[in-house]
Amino acid sequence: MSEMTGVVDGRTSEDDSTGGLRLAAHGVTHGFDGETVFSDVSLAVEPGEVLAVVGPSGSGKTTLLRLLACLESPAEGVVTANGRNVGEMSEEERLHVRRRLGMVLQHRCLFSATVASNAAYGLRVRATWNERIRAAIRGFLGTAETPLAAVDALETVGMVDKQDRHAASLSGGEAQRVAIARALAPEPDVLLFDEPTSNLDPRNTAIVEKAICDARDRGMGVCLATHDMQQAQRVSDRTAVLLGGEIIECGPTGQVFEEPSDRRTRKFVEGELVY
Ligand SMILES: Nc1ncnc2c1ncn2[C@@H]1O[C@H](COP(=O)(O)OP(=O)(O)OP(=O)(O)O)[C@@H](O)[C@H]1O
(Lines give C-alpha, C1' and ligand atoms only; values in the text may rest on other atoms or scores of the structure.)
Protein backbone atom coordinates (compact mmCIF):
# COMPACT_ATOMS: atom_id res chain seq x y z
CA MET A 1 0.00 0.00 0.00
CA SER A 2 3.05 2.19 -0.34
CA GLU A 3 1.50 4.36 -3.07
CA MET A 4 -1.57 5.11 -0.98
CA THR A 5 -0.72 8.69 -0.22
CA GLY A 6 -3.31 11.28 0.61
CA VAL A 7 -6.17 9.10 -0.57
CA VAL A 8 -9.15 7.98 -0.36
CA ASP A 9 -12.32 9.91 -0.03
CA GLY A 10 -12.81 13.56 -0.76
CA ARG A 11 -10.61 15.64 -2.99
CA THR A 12 -6.89 15.60 -2.36
CA SER A 13 -3.82 17.49 -3.43
CA GLU A 14 -3.53 15.08 -6.39
CA ASP A 15 -6.89 16.17 -7.75
CA ASP A 16 -7.28 17.72 -11.20
CA SER A 17 -4.77 20.52 -10.55
CA THR A 18 -2.21 18.97 -12.93
CA GLY A 19 -4.73 18.83 -15.76
CA GLY A 20 -3.82 15.18 -16.33
CA LEU A 21 -5.32 12.08 -14.84
CA ARG A 22 -3.40 9.78 -12.52
CA LEU A 23 -4.97 6.36 -12.23
CA ALA A 24 -3.74 4.16 -9.44
CA ALA A 25 -4.40 0.81 -7.82
CA HIS A 26 -3.74 0.63 -4.08
CA GLY A 27 -3.41 -2.75 -2.43
CA VAL A 28 -5.79 -4.30 -4.93
CA THR A 29 -6.79 -7.95 -4.67
CA HIS A 30 -9.14 -9.49 -7.21
CA GLY A 31 -10.28 -12.84 -8.50
CA PHE A 32 -13.17 -14.86 -9.81
CA ASP A 33 -15.30 -17.71 -8.49
CA GLY A 34 -13.42 -17.84 -5.20
CA GLU A 35 -10.01 -17.96 -6.93
CA THR A 36 -7.63 -15.05 -6.35
CA VAL A 37 -5.93 -13.81 -9.53
CA PHE A 38 -3.64 -11.29 -7.81
CA SER A 39 -3.18 -9.79 -4.35
CA ASP A 40 -2.09 -6.47 -2.93
CA VAL A 41 -1.26 -4.88 -6.27
CA SER A 42 -0.23 -1.23 -6.13
CA LEU A 43 0.77 0.77 -9.18
CA ALA A 44 -0.01 4.05 -10.87
CA VAL A 45 -0.23 5.27 -14.45
CA GLU A 46 1.30 8.74 -14.41
CA PRO A 47 0.40 11.44 -16.96
CA GLY A 48 2.96 11.54 -19.77
CA GLU A 49 4.33 8.03 -19.32
CA VAL A 50 3.90 4.60 -20.82
CA LEU A 51 3.62 1.91 -18.16
CA ALA A 52 3.93 -1.62 -19.55
CA VAL A 53 2.33 -4.47 -17.63
CA VAL A 54 3.96 -7.75 -18.61
CA GLY A 55 3.26 -11.20 -17.30
CA PRO A 56 2.39 -14.69 -18.40
CA SER A 57 -0.96 -15.55 -19.92
CA GLY A 58 -3.59 -15.67 -17.18
CA SER A 59 -1.57 -13.62 -14.70
CA GLY A 60 -4.28 -10.96 -14.64
CA LYS A 61 -3.14 -8.17 -16.98
CA THR A 62 -6.59 -7.73 -18.52
CA THR A 63 -8.24 -7.93 -15.12
CA LEU A 64 -5.96 -5.18 -13.83
CA LEU A 65 -6.73 -2.98 -16.83
CA ARG A 66 -10.47 -3.50 -16.34
CA LEU A 67 -10.15 -2.44 -12.69
CA LEU A 68 -8.17 0.66 -13.68
CA ALA A 69 -10.85 1.43 -16.27
CA CYS A 70 -13.51 1.36 -13.53
CA LEU A 71 -15.30 -1.43 -15.39
CA GLU A 72 -15.15 -3.61 -12.27
CA SER A 73 -14.59 -2.95 -8.57
CA PRO A 74 -11.74 -4.71 -6.80
CA ALA A 75 -12.58 -7.30 -4.17
CA GLU A 76 -10.10 -5.58 -1.85
CA GLY A 77 -8.15 -2.35 -2.08
CA VAL A 78 -9.07 0.75 -4.05
CA VAL A 79 -8.62 2.31 -7.46
CA THR A 80 -8.17 6.05 -7.45
CA ALA A 81 -8.43 8.75 -10.10
CA ASN A 82 -6.38 11.78 -9.13
CA GLY A 83 -6.41 10.56 -5.57
CA ARG A 84 -10.14 9.93 -5.30
CA ASN A 85 -11.50 6.48 -4.65
CA VAL A 86 -13.59 5.67 -7.70
CA GLY A 87 -15.57 3.18 -5.59
CA GLU A 88 -16.89 6.08 -3.53
CA MET A 89 -17.81 8.28 -6.46
CA SER A 90 -21.35 8.80 -7.67
CA GLU A 91 -22.30 7.12 -10.98
CA GLU A 92 -22.03 10.50 -12.67
CA GLU A 93 -18.52 11.12 -11.33
CA ARG A 94 -17.39 7.62 -12.33
CA LEU A 95 -18.79 8.19 -15.81
CA HIS A 96 -16.84 11.45 -15.96
CA VAL A 97 -13.64 9.52 -15.13
CA ARG A 98 -14.44 6.82 -17.69
CA ARG A 99 -14.88 9.50 -20.34
CA ARG A 100 -11.33 10.62 -19.69
CA LEU A 101 -10.12 7.11 -20.56
CA GLY A 102 -9.59 5.46 -23.91
CA MET A 103 -9.53 1.70 -23.90
CA VAL A 104 -8.68 -1.00 -26.38
CA LEU A 105 -9.63 -4.40 -25.06
CA GLN A 106 -8.17 -7.64 -26.30
CA HIS A 107 -11.59 -8.78 -27.49
CA ARG A 108 -12.34 -5.53 -29.16
CA CYS A 109 -15.78 -5.13 -30.60
CA LEU A 110 -16.59 -2.60 -33.21
CA PHE A 111 -20.14 -1.38 -33.66
CA SER A 112 -22.12 -2.53 -36.64
CA ALA A 113 -21.47 0.69 -38.52
CA THR A 114 -18.89 2.27 -40.80
CA VAL A 115 -15.24 2.67 -39.88
CA ALA A 116 -15.78 6.45 -39.62
CA SER A 117 -18.76 6.05 -37.31
CA ASN A 118 -16.77 3.69 -35.08
CA ALA A 119 -13.84 6.11 -34.92
CA ALA A 120 -16.18 8.98 -34.01
CA TYR A 121 -18.00 7.05 -31.27
CA GLY A 122 -16.00 8.48 -28.35
CA LEU A 123 -16.50 11.99 -29.66
CA ARG A 124 -20.26 11.45 -29.95
CA VAL A 125 -20.68 10.22 -26.37
CA ARG A 126 -18.61 13.12 -25.05
CA ALA A 127 -20.52 15.74 -27.06
CA THR A 128 -22.73 18.30 -25.37
CA TRP A 129 -26.46 18.17 -25.98
CA ASN A 130 -26.20 21.15 -28.32
CA GLU A 131 -23.53 19.41 -30.36
CA ARG A 132 -25.61 16.23 -30.44
CA ILE A 133 -28.67 18.12 -31.66
CA ARG A 134 -26.64 19.86 -34.39
CA ALA A 135 -25.16 16.49 -35.45
CA ALA A 136 -28.63 14.91 -35.54
CA ILE A 137 -29.89 17.74 -37.75
CA ARG A 138 -26.89 17.35 -40.09
CA GLY A 139 -27.58 13.60 -40.20
CA PHE A 140 -31.23 14.28 -41.03
CA LEU A 141 -30.24 16.71 -43.80
CA GLY A 142 -27.64 14.30 -45.14
CA THR A 143 -24.80 16.76 -44.51
CA ALA A 144 -23.13 14.90 -41.65
CA GLU A 145 -19.35 14.88 -41.79
CA THR A 146 -16.85 12.74 -39.94
CA PRO A 147 -15.35 14.88 -37.16
CA LEU A 148 -11.79 15.95 -37.91
CA ALA A 149 -10.46 14.28 -34.76
CA ALA A 150 -11.84 10.93 -35.94
CA VAL A 151 -10.33 11.42 -39.40
CA ASP A 152 -6.97 12.31 -37.79
CA ALA A 153 -7.08 9.20 -35.61
CA LEU A 154 -7.89 7.00 -38.61
CA GLU A 155 -5.03 8.63 -40.48
CA THR A 156 -2.70 7.88 -37.56
CA VAL A 157 -3.43 4.15 -37.82
CA GLY A 158 -3.47 4.08 -41.63
CA MET A 159 -7.21 3.47 -41.95
CA VAL A 160 -8.47 6.78 -43.32
CA ASP A 161 -8.90 5.41 -46.85
CA LYS A 162 -11.26 2.74 -45.48
CA GLN A 163 -13.47 5.11 -43.49
CA ASP A 164 -16.60 4.32 -45.51
CA ARG A 165 -16.22 0.55 -45.18
CA HIS A 166 -18.53 -1.35 -42.86
CA ALA A 167 -16.75 -2.64 -39.76
CA ALA A 168 -17.95 -6.19 -40.47
CA SER A 169 -15.91 -6.25 -43.70
CA LEU A 170 -12.55 -5.58 -42.00
CA SER A 171 -9.73 -8.00 -41.39
CA GLY A 172 -8.70 -8.67 -37.77
CA GLY A 173 -5.73 -6.31 -38.06
CA GLU A 174 -7.81 -3.56 -39.68
CA ALA A 175 -10.47 -3.88 -36.97
CA GLN A 176 -7.73 -3.65 -34.35
CA ARG A 177 -6.47 -0.41 -35.89
CA VAL A 178 -10.00 1.06 -35.98
CA ALA A 179 -10.45 0.17 -32.30
CA ILE A 180 -7.22 2.04 -31.59
CA ALA A 181 -8.40 5.05 -33.63
CA ARG A 182 -11.65 5.04 -31.65
CA ALA A 183 -9.67 5.20 -28.40
CA LEU A 184 -7.33 7.93 -29.68
CA ALA A 185 -9.89 10.25 -31.32
CA PRO A 186 -11.24 11.98 -28.19
CA GLU A 187 -7.67 12.62 -26.93
CA PRO A 188 -8.35 10.98 -23.56
CA ASP A 189 -6.14 11.62 -20.56
CA VAL A 190 -5.30 7.94 -20.13
CA LEU A 191 -5.10 5.13 -22.66
CA LEU A 192 -5.48 1.54 -21.49
CA PHE A 193 -4.29 -0.82 -24.20
CA ASP A 194 -4.61 -4.59 -23.88
CA GLU A 195 -2.33 -6.32 -26.41
CA PRO A 196 -3.07 -3.61 -29.00
CA THR A 197 -0.82 -5.09 -31.67
CA SER A 198 -1.59 -8.80 -31.26
CA ASN A 199 -3.06 -9.03 -34.79
CA LEU A 200 -0.73 -6.63 -36.55
CA ASP A 201 2.17 -7.10 -38.91
CA PRO A 202 5.50 -5.40 -38.11
CA ARG A 203 4.71 -2.30 -40.20
CA ASN A 204 1.36 -1.67 -38.49
CA THR A 205 2.83 -2.58 -35.11
CA ALA A 206 5.37 0.20 -35.64
CA ILE A 207 2.56 2.62 -36.57
CA VAL A 208 0.63 1.80 -33.39
CA GLU A 209 3.76 2.02 -31.25
CA LYS A 210 4.47 5.45 -32.70
CA ALA A 211 0.88 6.50 -31.87
CA ILE A 212 1.44 5.31 -28.28
CA CYS A 213 4.67 7.31 -27.98
CA ASP A 214 3.02 10.39 -29.56
CA ALA A 215 0.14 10.13 -27.05
CA ARG A 216 2.66 9.95 -24.19
CA ASP A 217 4.51 12.96 -25.61
CA ARG A 218 1.23 14.89 -25.61
CA GLY A 219 0.89 14.20 -21.87
CA MET A 220 -1.41 11.21 -21.86
CA GLY A 221 -0.75 8.33 -19.52
CA VAL A 222 -0.65 4.97 -21.27
CA CYS A 223 -0.97 1.58 -19.61
CA LEU A 224 0.01 -1.16 -22.03
CA ALA A 225 -0.58 -4.83 -21.25
CA THR A 226 1.64 -6.82 -23.56
CA HIS A 227 3.18 -10.26 -24.06
CA ASP A 228 5.79 -8.70 -26.28
CA MET A 229 8.95 -8.02 -24.27
CA GLN A 230 10.57 -6.16 -27.17
CA GLN A 231 7.52 -3.94 -27.41
CA ALA A 232 7.66 -3.15 -23.70
CA GLN A 233 11.32 -2.19 -24.13
CA ARG A 234 10.65 -0.12 -27.25
CA VAL A 235 7.81 2.02 -25.92
CA SER A 236 7.51 1.96 -22.16
CA ASP A 237 9.08 4.22 -19.56
CA ARG A 238 8.32 1.86 -16.70
CA THR A 239 7.49 -1.81 -16.61
CA ALA A 240 5.50 -3.75 -14.02
CA VAL A 241 5.92 -7.52 -13.94
CA LEU A 242 2.79 -9.38 -12.85
CA LEU A 243 3.71 -12.91 -11.90
CA GLY A 244 2.40 -15.52 -9.51
CA GLY A 245 -0.44 -13.31 -8.30
CA GLU A 246 1.62 -10.24 -7.47
CA ILE A 247 3.63 -7.41 -8.96
CA ILE A 248 7.12 -8.81 -8.41
CA GLU A 249 8.87 -5.77 -9.86
CA CYS A 250 7.96 -2.29 -11.11
CA GLY A 251 10.52 0.25 -12.21
CA PRO A 252 12.21 2.01 -15.11
CA THR A 253 12.04 -0.29 -18.14
CA GLY A 254 15.80 -0.32 -18.74
CA GLN A 255 16.38 -1.39 -15.17
CA VAL A 256 13.67 -4.08 -15.16
CA PHE A 257 15.08 -5.64 -18.32
CA GLU A 258 18.80 -5.12 -17.74
CA GLU A 259 19.21 -5.24 -13.98
CA PRO A 260 16.08 -6.71 -12.42
CA SER A 261 16.01 -6.96 -8.66
CA ASP A 262 13.98 -10.18 -8.67
CA ARG A 263 15.57 -13.26 -10.26
CA ARG A 264 12.12 -14.37 -11.54
CA THR A 265 11.98 -11.17 -13.60
CA ARG A 266 15.21 -12.01 -15.40
CA LYS A 267 13.96 -15.52 -16.13
CA PHE A 268 10.61 -14.23 -17.32
CA VAL A 269 11.89 -11.46 -19.61
CA GLU A 270 14.50 -13.81 -21.06
CA GLY A 271 11.79 -16.41 -21.74
CA GLU A 272 13.32 -18.98 -19.42
CA LEU A 273 10.61 -19.07 -16.81
CA VAL A 274 8.43 -22.14 -17.07
CA TYR A 275 4.93 -21.42 -15.85
N1 LIG B 1 -14.96 -12.88 -16.07
C2 LIG B 1 -14.20 -13.87 -15.61
N3 LIG B 1 -14.74 -14.93 -14.99
C4 LIG B 1 -13.97 -15.94 -14.50
N5 LIG B 1 -12.63 -15.97 -14.60
C6 LIG B 1 -12.03 -14.93 -15.23
C7 LIG B 1 -12.78 -13.85 -15.76
N8 LIG B 1 -11.91 -12.97 -16.32
C9 LIG B 1 -10.68 -13.49 -16.15
N10 LIG B 1 -10.76 -14.66 -15.50
C11 LIG B 1 -9.62 -15.51 -15.10
O12 LIG B 1 -8.70 -14.67 -14.40
C13 LIG B 1 -7.37 -15.01 -14.74
C14 LIG B 1 -6.66 -13.78 -15.30
O15 LIG B 1 -7.24 -13.48 -16.56
P16 LIG B 1 -6.72 -12.25 -17.41
O17 LIG B 1 -7.51 -12.25 -18.69
O18 LIG B 1 -6.80 -11.03 -16.58
O19 LIG B 1 -5.21 -12.64 -17.66
P20 LIG B 1 -4.17 -12.05 -18.72
O21 LIG B 1 -2.88 -11.91 -18.01
O22 LIG B 1 -4.73 -10.82 -19.35
O23 LIG B 1 -4.11 -13.24 -19.77
P24 LIG B 1 -3.72 -13.20 -21.34
O25 LIG B 1 -2.30 -12.73 -21.40
O26 LIG B 1 -3.88 -14.63 -21.76
O27 LIG B 1 -4.68 -12.28 -22.00
C28 LIG B 1 -7.46 -16.17 -15.74
O29 LIG B 1 -7.29 -17.38 -15.04
C30 LIG B 1 -8.85 -16.06 -16.29
O31 LIG B 1 -9.34 -17.32 -16.69
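Helices (H or I, at least four residues) and strands (E, at least two) are DSSP runs, numbered from the N terminus. The model is predicted: local features need pLDDT of at least 70, side-chain atom pairs count only at pLDDT 80 or more, and totals for chains, interfaces and linings use all residues. Residues are numbered from 1 along each chain as its sequence is written.

**Overall make-up**

- The protein contains eleven helices and ten strands.
- Of its 275 residues, 41% are buried. A residue is buried if 20 or more other C-beta atoms lie within 10 Å of its own, exposed if 12 or fewer, and partly exposed in between, with C-beta atoms placed from the backbone.
- Two residues are in contact if their C-beta atoms, placed from the backbone, lie within 7 Å. Among contacts between residues at least 6 apart in sequence, 69% join residues at least 24 apart.

**Ligand shell**

- There are 13 residues around the ligand, and Phe32, Ser57, Lys61, Thr62 and Thr63 come nearest. A residue is near a molecule if its C-beta atom, placed from the backbone, lies within 6 Å of it.
- Helix H1 (residues 61-68) supplies the largest share of this shell, three residues.
- The shell divides into two nonpolar, nine polar and two charged residues. Here Ala, Val, Leu, Ile, Met, Phe, Trp, Tyr, Cys and Pro count as nonpolar, Asp, Glu, Lys and Arg as charged, and the others, Gly among them, as polar.

**Nonpolar core**

- A nonpolar core is a set of buried Ala, Val, Leu, Ile, Met, Phe, Trp, Tyr and Cys residues joined through C-beta atoms within 7 Å.
- The largest such core has 72 residues, and those with the most contacts inside it are Val53, Leu68, Ala119, Ala181, Leu192 and Leu224.
- Helix H7 (residues 172-184) gives the most to this core, seven residues.
- Leaving aside residues up to four places away in sequence, Val53 touches Lys61, Leu64, Cys223, Leu224, Ala225, Ala240 and Leu242.

**Helix H8**

- H8 (residues 202-217) has 16 residues and reaches 22 Å from its first C-alpha to its last, close to the 22 Å expected at 1.5 Å a residue. The expected span is 1.5 Å times one less than the number of residues.
- Val208, Ala211, Ile212, Ala215 and Arg216 are buried in H8. Seen down the axis, the buried residues fall within an arc of 140 degrees, so they line one face of the helix. The arc is that of the directions from the helix axis to the C-beta atoms.
- The buried residues of H8 pack against strand E3 (50-54), helix H6 (148-156), H7, strand E7 (190-194), strand E8 (221-225) and helix H9 (229-235).
- Pro202, Arg203, Asp214 and Asp217 are exposed on the other side of H8.
- Gly219 follows H8 and has a positive phi, near 100 degrees.

**Single residues**

- Most residues other than glycine have a negative phi.
- Glu187, in the loop between H7 and E7, has a positive phi of about 50 degrees although it is not a glycine. Glu187 counts as partly exposed because it has 18 C-beta neighbours inside 10 Å.
- Glu195, in the loop between E7 and H8, also has a positive phi, near 45 degrees. Glu195 is buried, with 20 other C-beta atoms within 10 Å.
- Ser42 is found in strand E2 (residues 35-45) and counts as partly exposed, with 17 C-beta neighbours inside 10 Å.
- Ser42 and His166 are 124 residues apart in sequence and 41 Å apart in space, C-alpha to C-alpha.
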